[in-house]
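Okay, everyone, thanks for coming. Let me put the structure up and we'll walk through it together.

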Amino acid sequence: MTSVLFFITCAAVKMNCYPEFAKYIDVFEQGTHHRVHTDISFGEVSHKDWNGECKNGKIIINPKRWELFDDTLREVLILHELGHCELNLNHTNHGIMRHEIISGNEYLQNKEKFLNEFFNSRGAM
């Protein structure tokens, strides 16, 4: 049922939606109070080692990397790329916007802190 409702919401804002991304988009929207307008899809990224990228206002997720990630790393990846595309955030030396993806354990141990930093970053609404 959530996927159906999510597709209706996505159709209303004219963005591409994949059910795989819905729960991570919800985390972003709840934390920022900002509706996502960026298309997110699987596809070829500019560098084979990249997990994803925000390019030309769209997020492209490397499907090979996605398959290797657990739920925690998928959340970090989608939040990271939404940080670039939706909030115009650059890489930092720590947290969700770190250039190299943080480990699942590090994220889970510091999740509240990392989400607080991320949602209160420049540009977050």
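So, start at the hairpin of β2 and β3: two residues sit between the strands, and asparagine 56 takes a positive phi near 55 degrees there. A quick word on what you're looking at: this is a predicted model, so local features need pLDDT of at least 70 and side-chain atom pairs count only at pLDDT 80 or more, while totals for chains, interfaces and linings use all residues. Residues are numbered from 1 along each chain as its sequence is written, and side-chain values use heavy atoms, with hydrogens and water left out.

Strand β2 covers residues 52-55 and strand β3 covers 58-61, and the two run antiparallel with four bridges. Strands count as paired here if DSSP finds at least two bridges between them. Glycine 52, for example, has isoleucine 61 in β3 as its bridge partner.

Now, helix α2, residues 22-32. Which of its residues are buried? They're Ala22, Tyr24, Ile25, Phe28, Glu29 and Thr32. These residues span an arc of only 165 degrees around the axis, so they lie on the same side of α2. That arc is taken from the directions from the helix axis to the C-beta atoms. And buried means under 20% relative accessible area, exposed means over 50%, and partly exposed is in between, using a 1.4 Å probe and protein chains only. Just after α2, histidine 33 has a positive phi too, about 55 degrees.

Okay, salt bridges. The rule is a side-chain nitrogen of Lys or Arg within 4 Å of a carboxyl oxygen of Asp or Glu, and by that rule we get four. One of them joins aspartate 71 to lysine 23, with the closest N and O atoms 2.9 Å apart. This pair ties together distant parts of the chain, with aspartate 71 in helix α4 (residues 71-87) and lysine 23 in α2, 48 residues apart. Aspartate 71 is partly exposed at 39%, and lysine 23 is partly exposed at 47%.

Another salt bridge brings aspartate 49 and arginine 65 together at 3.7 Å, N to O. Aspartate 49 sits in the loop between β1 (40-42) and β2, and arginine 65 is in helix α3 (residues 63-68), 16 residues away. Here aspartate 49 is exposed, at 52%, whereas arginine 65 is partly exposed, at 24%.
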